Amino acid sequence: MKIEVKNVCKEFKGISILTDVNMTFEDGKIYGFQGRNGTGKSILLKIICGLYKPTSGHIFYDGKEYTKRSEYVPNIRALIEKPCFFPDLTGLENLKLLAKIQNKIGEQEILNSLETVNLITEKDKKFSKYSLGMKQKLGIAQVIMEDPHILILDEPFNGVEKESVEKIKKYLLKEKEKGKIIILTSHMESDLTSIADKIYNFDGGKVE
Amino acid sequence: MNSLGYSFQIVKQIFKGGFYKIFLFFLFLLGVNIFTTYNISNIVPITIDSIRFLLGLTYHSLLDLIWLMYQIGLTIYLSYLYFFYEIDNSPEFIFLRTDSYHFAIKKYFVFVICLVLFRILFYLFAHFVFLGNIAFSLSVFLWNIVLHVSIVTTIFICSVLPILINLKLLNKNHSK
């Protein structure tokens, strides 16, 4: 299975954000998006997820087009930009609420995901009391807890301490071996070079 | 798929987040109404009619009209906050997990249930405060519920549903 991005362009109020982007994402690989802030990395992730419609171009998954449909690529989870959870609930309660939507997993899987991102000891703290790094880790736990086939992580290591970054990277490499498609963005090249099989550079709406 | 818990949590979040801004003004207006109704100098005696408008049962003065418009405005404001909550709050968390159309329908019913419960609680509160001074009028009480549910339904059908059916039109919110 693969995701294909074909001739995707995106404009906002006449300003071009992405110009004729072509990419293919295959099973069992980690892809990195690198570039300065505002170069369209997050926009492309939203288009791939189906949250945004491209101005022109197409998104295919497993040969089926998802660009204009009101449905999303299946078995995909994402963390794009700042994670917004309910501030009055604990980290664990927030994840339980999201897990209940599909009812595919139980508490143990949620706890495992919190363990993976090094957040297990803070699981009962309210989200409003979390630091930036902890919020980011909870966002990553939200992505991995239901074992999706496609993982999309936008600047996942923002504010996360080195020890946890290494642990999450190891986890992602293990998931890659299982045949998953993983897409990461970062403005720090070092975050990507250690794990990505292919890195796309974003600059001025163009992707190389 | 169960997104009801998520929707109820949004109601709770909006209620808590906007509590001071929204409900202090609600209490202020209620206070003004009570003050003018009772007329503290006791020149004007209390009548059933003068109390009835507190419940939204009659509209016959400018104050009644302000009170009515405020309640309608509040319903519109809360509807928009509620229905568009996840658009500004990590939409990928919810929309990659559930069908957006069914989620929207369930969300609508959750809001209507909460709205009806609020109207009932408000009515009971005012009814017990003025116990013995006012008779229960089911038809007027139901009219109020129909009015507010109609407002929510109109907002839902005209502006929420078209966006949620084709969520890919969400671009309007993004500037980056």
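Contact here means heavy atoms within 4.5 Å. The model is predicted. Chain B and chain A bury about 3,100 Å² between them. Inside chain A, helix α3 has several buried residues, A:I110 and A:L114 among them. The structure as a whole has 0 disulfides.

**Interface of chain A and chain B**

- Chain A brings 39 residues to the contact, and chain B brings 30 residues.
- Of the roughly 3,100 Å² buried between the two chains, 57% lies on carbon and sulfur atoms.
- The two chains share 1 salt bridge.
- That salt bridge joins the side chains of A:E146 and B:R97, at 2.9 Å from N to O.
- On the side of chain B that touches chain A, helices α1 (4-17) and α5 (91-95) of chain B each supply at least two residues.
- The largest share of that side comes from α1(B), with 6 residues.
- Sorted by class, the side of chain B that touches chain A holds 12 nonpolar, 12 polar and 6 charged residues.

**Helix α3 of chain A**

- Helix α3 of chain A covers residues 107-116.
- Its buried residues are A:I110, A:L111, A:S113, A:L114 and A:T116.
- After α3(A) comes A:N118, with a positive phi near 65°.

**Cysteines**

- A disulfide is a covalent bond between the sulfur atoms of two cysteines.
- A search of the whole structure, over all chains, finds 0 disulfides.
- A disulfide would need the two sulfur atoms within 2.5 Å.
- For A:C84, the closest cysteine sulfur is in A:C49, again at 15 Å and too far for a bond.
- A:C49 is buried, at a relative accessible area of 0%.
- A:C84 also counts as buried, at 15% relative accessibility.

Technical notes. Residues are numbered from 1 along each chain as its sequence is written. Chains are lettered from A and ligands numbered from 1 in the order in which they are written. This is a predicted model: local features need pLDDT of at least 70, side-chain atom pairs count only at pLDDT 80 or more; totals for chains, interfaces and linings use all residues. Side-chain values use heavy atoms; hydrogens and water are left out. Buried area is the accessible area (1.4 Å probe) that two parts lose on being put together, summed over both. A salt bridge is a side-chain nitrogen of Lys or Arg within 4 Å of a carboxyl oxygen of Asp or Glu. Helices (H or I, at least four residues) and strands (E, at least two) are DSSP runs, numbered from the N terminus. Ala, Val, Leu, Ile, Met, Phe, Trp, Tyr, Cys and Pro count as nonpolar, Asp, Glu, Lys and Arg as charged, and the others, Gly among them, as polar. Buried means under 20% relative accessible area, exposed over 50%, partly exposed in between (1.4 Å probe, protein chains only).
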